[in-house]
Amino acid sequence: MKLANDLRNLVNRDDNLGQLVLITILVFALMAGLNPEKFLRPYNFESISYVFPELGLLSIAIMIAMLTGGIDLSVVGIANLSGILAGTFFHQVIVAHETPDGTVLAYVAAGVGIALLTGLAAGLLNGFLIARLHVTPILATMGTAQIFTGLALVLTGGPAIVGFPAYWGFIGNGKLLGLAVPFLLFLAAAVAIAFVLSRTMLGINLMLIGTNARAALFAGLRRERMILYSYMLSGLLASLAGIILSGRTNAAKSDYGTSYLLQAVLIAVLGGTNPSGGRGTVLGVSIAVLALMFLSSGFQLMRFSNFLVDFIWGAFLLLVIALNAYRNRTR
Amino acid sequence: MSREQNGAAGAPAVPRTRGRPDPVSDILIELRDIEKRFVGVRALDQVSLAIRRGQIHCLAGENGSGKSTIIKIMSGVYGPDAGQILVDGVPVARLDPIAAIRHGIEVIYQDFSLFGNLTVAENLALGHELREKRRLVDWRAVRTLARRAIDRLGVEIDLAADLETLPTSGKQLVAIARALMSDPRLLIMDEPTTALTRREVETLFRVVREIQRQGIAVLFVSHKMREMLEISEWLTVIRNGRKVAEGETGRFDEASITRHMTGQDLSGEPYRWRPAADGKPPRLDVRGLVLPGDTGGTDFKLEAGEIVGLAGLLGSGRTELALALFGMVPGHGGQVLIDGVPVRLSTVQEAIARGIAYVPEDRLTEGLFLAQSIERNILVAAYDRVTRGLMLDRARARALAAETVAAMQIATPSLDKPVGQLSGGNAQRVVIGRWLMTDAKVLILNGPTVGVDVGSKAEIHRKLRELAQTRGLAVLMISDDLPELAQNCNRILLMHRGRLVGEVAGGEASEASVSDMLRRLS
Amino acid sequence: MSLRIFHRSEAVIAAVLLLAMILIGLVNPAFWQLDNLFGLIRSNVVIGIMALGVLMVLISGGIDVSFPAFAVAAMYLTIRAMLALGYDGVVLPFVMATLIGAALGAVNAAFVHYVRVIPLIVTLGTGAMVRGFLLGMVGASQINIDRMPKPLIAFARSELVGIGNGDGTHYGLTAMVVLYGALALAVHLVLRYTLVGRSIYALGGDAEAARRVGFDLRRTTFFVYGAAGALAGFAGLLHSSMIWLANPRDFAGLELDVIAAVVLGGASIFGGRGSVLGTLLGVFMLVMVNNSLIIMKIDTTWQRVVVGAIVIVATAMTAWRDRKRRI
């Protein structure tokens, strides 16, 4: 009974969420209808569950930045840099077929640590520029994106870093309890972030700061510190996305996933995040990713090129936004 | 340096001092029995008022009293649901903004509708250029137009300066100059003296008198009484959508106007306070507080249970004092002691931790998170009390918020409602109530009942007295509402140009004394 | 009195630019050689024309990240059309490219004005759509020099000044710089001397006040985004004429560089401020930094990092300048 109430509150609280769920179902039905044999195969959903997490994490990362009215355009750069740093580390310490298995596992754990630390450090830089020096988020993260990508380029010299250890590949390609490992990671991260946003001081602070930064000052909120933390959190998520991405493709390159950035921003907004701050949920963003993944998967199965899928994403976003605006106006 | 009158029918200059009402034919615009409803709420109820040619008329009322609606009806933005508008004695069937301007009615709103990133000259000339439907900009013509407009006011402003470099008073003068360019017969000014220093107010009044000399009537709409008393000849007071008083300004004083505006009756007991004989140090002891850029310091003490008023003219430094005590002015000099212990107040967090609470002037932009829930708005300053480590204790949070709602008697069916949906009085209670949980020792309120309906005002006052007495809070109440101060403070301090210049004991008599002292200061 | 000139941001940027040039020249005097300078100027043209459009959008308080996609689309469609029709002129293709860009820009304007979505999101969406459509439907193959329409190439080859090296190689100052200069002048004149131009500043300064004072904001919005699209389309075709290549994947990631250049040139990201002169300087700065790292013998892989660092330093400075406008 309580669950039903909670669920009802959830949907009622945000009309747009309800609309989003409806749209997702419609998209699913449409894709299934257009291509039932291929779309509805378990294999299709399985492959979605492998690709969805990277994008999902990046979208959540951007949502977090948007909560305070900012944005993080460097998430893809952070993801790539994290993967590349881990890869470089592996190449230094692991000699294929010689290093004992147990040691490799330890190194992989260390690699994860390095990647995540990269994300935190990158987020720290972003947060410092934005919260302390008061640089506009768009410009600050544009600049740091160049720096991170640039550093990645310096480290690789251009070509991709390949040859990650098998354990690393497991993160991106493995299965655990019948589900894709990256998907489980995403779920864990999403639940954690949702928890942080609704049940911890950091999350509540971010919502308040995003709603009214001036009133936040008068209420004694530590604005700068909270904003700093939020960008570090975004950086952490981005680096996790980078781990998964390089694990899945067994390669890390300085210019991977450039289309992800645009998509992540669109997904965050589609998922009900207000780019001016104060509103955004993990649930909304996750559903939006799902909707868009169904959309692209469906079209890809129909042999539409990736480019055309981009076109459809853009059109979809603008359509939904126009729909929202129309509905909000007549209210 | 008298100017030619353009448009106005050669009306004689109206003397500055309060004189006899002019004959009926001198009425420029008249509202008769105006009614206006918005979604079931009656904004205006049988309101009648008349503005005479060349008259400086003040329309007094609190926020939400209906004065903004009157302005909008006079300027054609709204149409009345009932009643008549007469211009020059002739009823006007439909008044829309363009027709209003053609009749010679111009409005200057509080935000001036000017462009900070453009020069003064361009701001002045823009409206004219657009009206002429030009395509190209002739900068020489712009400068000439601008010079002429500024000269008409008799003030000096650098035409080439970007508007945003001007102080508020300068921007206001530019707004006035721009309004004059369409040769109005009535200039309506909405809350013109907000954010002006004393000297700037004097300049404004000089300009207003110059405008009057040119035969233009001025309607001041305001709730700041001191200056209105000084400049206007006729006063109309609006409360709850009804006209409750009108007459020659000379017949009113600050206190009587405020009482008309708020409808407060003073039948209740004035606040009394007796010092506790426990030898404890004062809750707040301010010694030689100096704000950056000021010379000389401020000294005063507040004991537990006191409600001390702080009165003063605009620009007297009261808000700055409050902000300094709240940790927003890290560069201040002097010493502040709380319960006898010297404290450093260089950040807001420090001030709150030391027990200082501040209810800001403008609750909409400084106090409330409109889209967030009532619970969040209440808990915002005290989340550390409901978190264990990193995690929020939801049950405890809810319980504390509910307690506060009960304690402050906030009327709401649910704690999850966005606070923006609450009435002014309830919202203000949320802002005050949030400090109940921070172990506050000193509560500073800046305009505690501005924009709050009368019933809520009384309740908030009761609440404040209760908080002072039962929790031993020392309350500092900054207000321009003299009756409010007289009724609720056991003593009233007077501030002028950043210094404390007087003190009066609370109670009924204080209204007159304070009013007097303020008058002598201005 | 002498310090007053430094209150103008353009003066500050010019000073910084000069300083940077001197520094680079010290590291490698080859910087000052005519062929390098001519090359630099040439590199300015396409980016500069696009930047002019972005400048107007920024002044109006908006932002546009779709212009590279529009540029490439206009370019590719025009050239494909030329090839299909066997068309041989120069003027008409540029007209077509400009019109395509303007039409796409109008879509942006419609969403910004009528649907009232924030420009960043709108232009992200339209940019994605256009690029996706172009690469997906029209074709992803690039058109090499052997198939490029000759008249276009010949046009872009024209030079103002030609200088021959003794060994038979040749360098010159491209005549395209005249086009660039003319467009810059035109934009400047519009911004300064037309009411539409002033309406852009008004809109960026205070949209509500602009509406109240009587500006037709619909006209302003359509003008701004339409012009940005038009200039992008023009620049796109010019670009492929100058590099003898029509690559539909071109200009990826360019939006951030151009926006950075315009902001570097003194335009405020909040709107209401900016000038053509500043943009010209900002673009020159950006192009120079990009090109000069080679001259300074800095490894090209470090290029991104250096550019990023410069963007950050510059934007930190503009943040300090704009500090009054934040909360």
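# Sheet and interfaces of a predicted model

In chain B, six strands form an open sheet with mixed pairing, in the order β6-β7-β8-β3-β9-β10. Its edge strands are β6 (105-108) and β10 of chain B, and each pairs on one side only. From one strand to the next, the twist averages 15°. This is a predicted model: local features need pLDDT of at least 70, side-chain atom pairs count only at pLDDT 80 or more, and totals for chains, interfaces and linings use all residues. Residues are numbered from 1 along each chain as its sequence is written, while chains are lettered from A and ligands numbered from 1 in the order in which they are written.

**Terms for the sheet**

- Helices (H or I, at least four residues) and strands (E, at least two) are DSSP runs, numbered from the N terminus.
- Two strands pair if DSSP finds at least two bridges between them.
- Axes are lines fitted to C-alpha atoms, for helices over the stretch in contact, and angles run from 0 to 180 degrees between N-to-C directions.

**Strand β9 of chain B**

- Strand β9(B) covers residues 234-239 and is mostly covered, with six of its six residues buried.
- A residue is buried if 20 or more other C-beta atoms lie within 10 Å of its own, exposed if 12 or fewer, and partly exposed in between; C-beta atoms are placed from the backbone.
- In a regular strand, side chains alternate between the two faces of the sheet.
- In β9(B), B:W234, B:T236 and B:I238 point one way. B:L235, B:V237 and B:R239 point the other way, and all are buried.

**Neighbours of β9 in chain B**

- Strand β3 (residues 56-60) of chain B pairs with β9(B) in the parallel sense, over four bridges. B:H57 has B:W234 of β9(B) as its bridge partner.
- Strand β10 (residues 242-248) of chain B pairs with β9(B) in the antiparallel sense, over six bridges. Here B:R242 in β10(B) is the bridge partner of B:R239.
- The hairpin of β9(B) and β10(B) has two residues between the strands, and B:N240 takes a positive phi near 50° in it.
- Helix α8 (residues 254-262) of chain B lies across β3, β9 and β10 of chain B. This helix runs at about 30° to β9(B).

**Strand β11 of chain B**

- Strand β11 (residues 284-290) of chain B pairs with strand β12 (residues 298-302) of chain B in the antiparallel sense, over four bridges. B:V286 stands opposite B:F300 in β12(B).
- Strand β14 (residues 333-338) of chain B also pairs with β11(B) in the antiparallel sense, over five bridges. B:R287 stands opposite B:Q335 in β14(B).

**Where the chains touch**

- Two residues are in contact if their C-beta atoms, placed from the backbone, lie within 7 Å.
- 40 residues of chain C are in contact with 41 residues of chain A.
- On the chain C side, the elements that give two or more residues are α4 (91-115), α5 (119-138), α11 (254-264) and α13 (303-321). α5(C) gives the most, with 12 residues.
- That side of chain C has 26 nonpolar, nine polar and five charged residues.
- Ala, Val, Leu, Ile, Met, Phe, Trp, Tyr, Cys and Pro count as nonpolar, Asp, Glu, Lys and Arg as charged, and the others, Gly among them, as polar.
- 14 residues of chain B are in contact with 16 residues of chain C. The chain B side has seven nonpolar, four polar and three charged residues.

**One residue of chain A**

- A:I25 lies in helix α2 (residues 15-34) of chain A.
- A:I25 is partly exposed because 13 other C-beta atoms lie within 10 Å.
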